[in-house]
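The following note is intended for a colleague who is meeting this structure for the first time. Please read the points in order, with the sequence and the model at hand.

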Amino acid sequence: MSIKDWLKRGWVYILIFLGSVIGTVLILMLLFNIREKKREALQYPFKVVEIGEDEIDPAVWGQNFPFEYDTFVQTKVDYGKTKYGGSTPYSKLEAYPAMKRLWAGYSFSKDHNEERGHHYTSIDQANTLRTQIVVQPGACVNCHAAEMPALVREMGWEEFNATPYNDLKSKLMTGSSCADCHDPNTMALRITRPAFKIAMEEAGVDLSKATRQEMRSYVCGQCHVEYYFKGKNKVLTFPWSEGRSIDAIKAHYESYDFADWTHAETGAPMLKMQHPEFELWGTGIHAKSGVSCADCHMPYVRRGSVKISDHWIRSPLQNPNASCQTCHHVTVEELEDRILTIQDRTAKLLRQSEEAILDAIDAIKVAQSKGIPSDKLDKALHLHRRSQMRWDFVSSENSTGFHSGQEAARILAESMDLARQAQIEAIKTLNRS
Ligand code: HEC
Ligand code: HEC
Ligand code: HEC
Ligand code: HEC
Ligand code: HEC
């Protein structure tokens with residue numbers, strides 16, 4: 001081979017060599033990019049600040065967890081109404097006028113709105129007429145302010161509950177916070193509200209052994225439950241000594257004749273039910289199948305290469321794709337239809353119960369106006385109480401039956417039956433007199 005030939009072939013080798021170098025570099029760059037993305041996912045969250053044990057400001061937590069924080073602050077947004085829920089705080093009393101008479105003599109008959117996002121927990125409590133026209137205890141603060149656990153450490157459990165709400169009001173700046181549900185050191189879910197701990201312990205549940213999936217509902221069960229204020233210190237208590245079904249809750253209250261207020265039209269000793277989401281969900285097919293509150297209300301969403309839990313806690317009708325389609329492989333239209341079918345049926349039964357209870361109230365009033373003594377009306381009054389607590393349980397539960405459709409229907413069927421019995425009992429007293 002001549003030197004000339006060698007040089008000619010040499011160029012070919014050099015070109016092949018250079019080509020493979022460039023190719024290798026390109027492949028390495030691609031691999032590096034993928035590794036970077038993976039590392040970003042692994043590195044997230046970024047530890048920017050040390051979060052103190054007493055830190056309740058979500059913005060401070062947000063420095064380490066910006067993606068969760070960005071969704072959390074969206075609970076401020078009014079995304080509008082859904083057919084029965086949503087984040088527009090319209091007056092329930094105007095939407096369902098029967099409520100004014102059903103709650104006659106109680107502050108709920110003056111002011112009660114559709115609830116909205118966690119951003120407003122403290123704000124709406126401060127602004128409702130229910131904290132202005134009546135003197136409320138500090139017990140109200142339990143579920144509405146992030147300052148609550150620190151106040152209990154400072155004042156003691158009984159004293160905190162007993163102190164008037166208005167005396168604590170100026171200390172409540174934060175509303176909902178990361179600290180309500182998370183341990184700042186490990187970010188594990190935790191229970192911060194004593195009433196839930198006490199009630200679960202009494203029921204024989206060891207919270208320290210709760211699974212991660214159970215905790216994804218327990219954190220919500222701290223607040224989204226029926227409650228009352230017990231004794232002269234107004235200690236926040238969950239009526240679960242007999243269980244968490246409506247019948248168990250009734251048995252708890254009957255065991256010592258508890259009443260929230262006296263009905264202004266009939267004089268019946270009444271019970272007010274409030275947001276029993278945790279209890280009603282617990283009787284439904286989703287709870288039985290191990291589906292948690294967070295599965296539907298905090299579904300996973302993507303932020304770049306990172307998967308996070310959506311902290312914009314809201315109506316799943318806003319995002320059935322993320323909330324339901326992970327488990328149900330049907331169209332969004334079909335899912336919406338399944339929700340609305342249950343809700344429309346429940347709403348119709350609710351309206352029918354309201355009419356039945358109002359008829360009972362009217363019959364009792366007629367008997368009273370005819371001079372029937374109150375001991376003769378005792379049976380009718382107790383039926384009024386029992387009927388209305390059942391209607392209220394489903395009415396104030398915020399899913400309009402969805403969390404447990406058949407149980408909601410069963411409870412309303414009983415409510416109507418008891419209301420009609422009350423009406424008949426009242427009419428009977430007239431026939432006898
Ligand atoms: C299987 C899914 C699912 C599970 C599990 C679930 N929910 Fe719901 N939830 C819904 C749907 C659907 C609605 C109806 C939303 C509407 O009417 O706009 C709803 C409504 C609500 C509302 C009222 C929202 C609004 O817009 O007014 C609250 C509060 C709520 N749920 C809390 C809870 C809590 C607390 C738990 C657990 C104890 C829970 N949910 C479990 C699907 C679920
Ligand atoms: C056990 C926890 C808990 C306690 C105690 C509690 N709340 Fe609430 N509150 C909630 C939850 C959960 C909601 C959202 C669901 C709803 O509105 O039904 C809510 C909603 C509200 C709202 C907005 C909806 C409306 O009714 O207009 C106001 C106002 C309010 N609470 C005031 C009070 C007052 C006043 C007290 C004391 C008498 C109190 N809360 C005690 C958990 C609690
Ligand atoms: C009402 C309760 C609640 C509040 C308030 C809350 N979180 Fe969460 N958070 C959860 C639940 C439930 C999960 C899911 C945990 C699991 O699956 O183990 C979660 C998960 C997380 C995770 C784990 C990664 C992920 O996204 O799943 C981080 C980080 C986190 N939250 C940060 C925050 C920050 C920051 C705030 C305040 C800005 C906050 N959370 C407020 C309930 C809450
Ligand atoms: C510390 C008490 C507390 C905890 C814990 C809590 N909530 Fe709430 N939640 C409230 C209060 C109070 C409101 C009503 C705020 C208002 O209307 O001003 C509310 C409102 C809501 C709403 C209505 C939002 C809307 O757009 O209408 C939903 C849905 C909800 N919570 C679900 C949950 C779920 C799911 C969990 C658990 C992951 C949870 N909450 C944990 C107190 C709590
Ligand atoms: C984590 C999984 C999971 C999620 C998320 C989930 N579901 Fe379900 N759902 C189930 C399971 C499991 C059942 C029980 C049926 C079965 O065993 O096949 C069920 C049952 C149902 C039923 C039948 C109820 C009945 O009374 O028979 C309806 C309707 C339903 N889901 C709607 C929804 C909607 C709407 C959403 C979103 C808001 C949702 N589900 C989210 C797992 C889930």
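1. Helices (H or I, at least four residues) and strands (E, at least two) are DSSP runs, numbered from the N terminus. Residues are numbered from 1 along each chain as its sequence is written, while chains are lettered from A and ligands numbered from 1 in the order in which they are written. This is a predicted model, in which local features need pLDDT of at least 70, side-chain atom pairs count only at pLDDT 80 or more, and totals for chains, interfaces and linings use all residues.

2. Overall form. The chain contains 19 helices and six strands. Its C-alpha atoms fill a box of roughly 135 × 50 × 40 Å along the principal axes. The radius of gyration of the chain is 29 Å, whereas a compact globule of 433 residues would have one near 22 Å; the value is taken over C-alpha atoms, and the globule rule is 2.2 Å times the number of residues to the power 0.38.

3. Burial and contacts. A residue is called buried if 20 or more other C-beta atoms lie within 10 Å of its own, exposed if 12 or fewer, and partly exposed in between, with C-beta atoms placed from the backbone. By this rule 36% of the 433 residues of the chain are buried. Two residues are in contact if their C-beta atoms, placed from the backbone, lie within 7 Å. Among contacts between residues at least 6 apart in sequence, 68% join residues at least 24 apart.

4. Nonpolar core. Such a core is a set of buried Ala, Val, Leu, Ile, Met, Phe, Trp, Tyr and Cys residues joined through C-beta atoms within 7 Å. The largest one has 73 residues, and A360, I364 and A426 touch the most other members. Helix α17 provides the largest share of this core, nine residues. Apart from neighbours within four places in sequence, A360 is in contact with H384, S387, A419, A422, Q423 and A426.

5. Helix α17. How far apart are the end C-alpha atoms of this helix? They are 55 Å apart, which agrees with the 56 Å that the 38 residues (332–369) should span at 1.5 Å a residue; the expected span is 1.5 Å times one less than the number of residues. After α17 comes G371, with a positive phi near 85°.

6. The shell around ligand 4. A residue is near a molecule if its C-beta atom, placed from the backbone, lies within 6 Å of it. Ligand 4 is surrounded by 26 residues, of which E115, Y120, D124, C220 and C223 are the closest. Helices α6 (121–127), α11 and α15 (293–297) each supply at least two residues of this shell, and α15 gives the most, with three. The shell comprises 10 nonpolar, 11 polar and five charged residues; Ala, Val, Leu, Ile, Met, Phe, Trp, Tyr, Cys and Pro count as nonpolar, Asp, Glu, Lys and Arg as charged, and the others, Gly among them, as polar.

7. Ligand 3 has 23 residues around it, and F65, C178, C181, I308 and S309 come nearest. Here α2 (58–64), α3 (66–72), α11 (212–221) and β6 (306–309) each supply at least two residues, and the shell has 14 nonpolar, five polar and four charged members.

8. Helix α11 and H224. In α11, R216, S217, Y218, V219, C220 and G221 are buried, and the buried residues of this helix pack against α10 (194–202), α13 and α15. H224 lies in the loop between α11 and β1 (228–230). H224 counts as buried because it has 21 C-beta neighbours inside 10 Å. Not counting residues up to four places away in sequence, H224 touches H275, E277 and F278.

9. Two residues with positive phi. K234, which is not a glycine, has a phi of about 55° and lies in the loop between β1 and β2 (235–237). D257, also not a glycine, has a phi of about 50° and is found in the loop between α12 (246–254) and β3 (261–262). Is each of these residues buried or exposed? K234 counts as buried, with 21 C-beta neighbours inside 10 Å, whereas D257 has 7 and counts as exposed.
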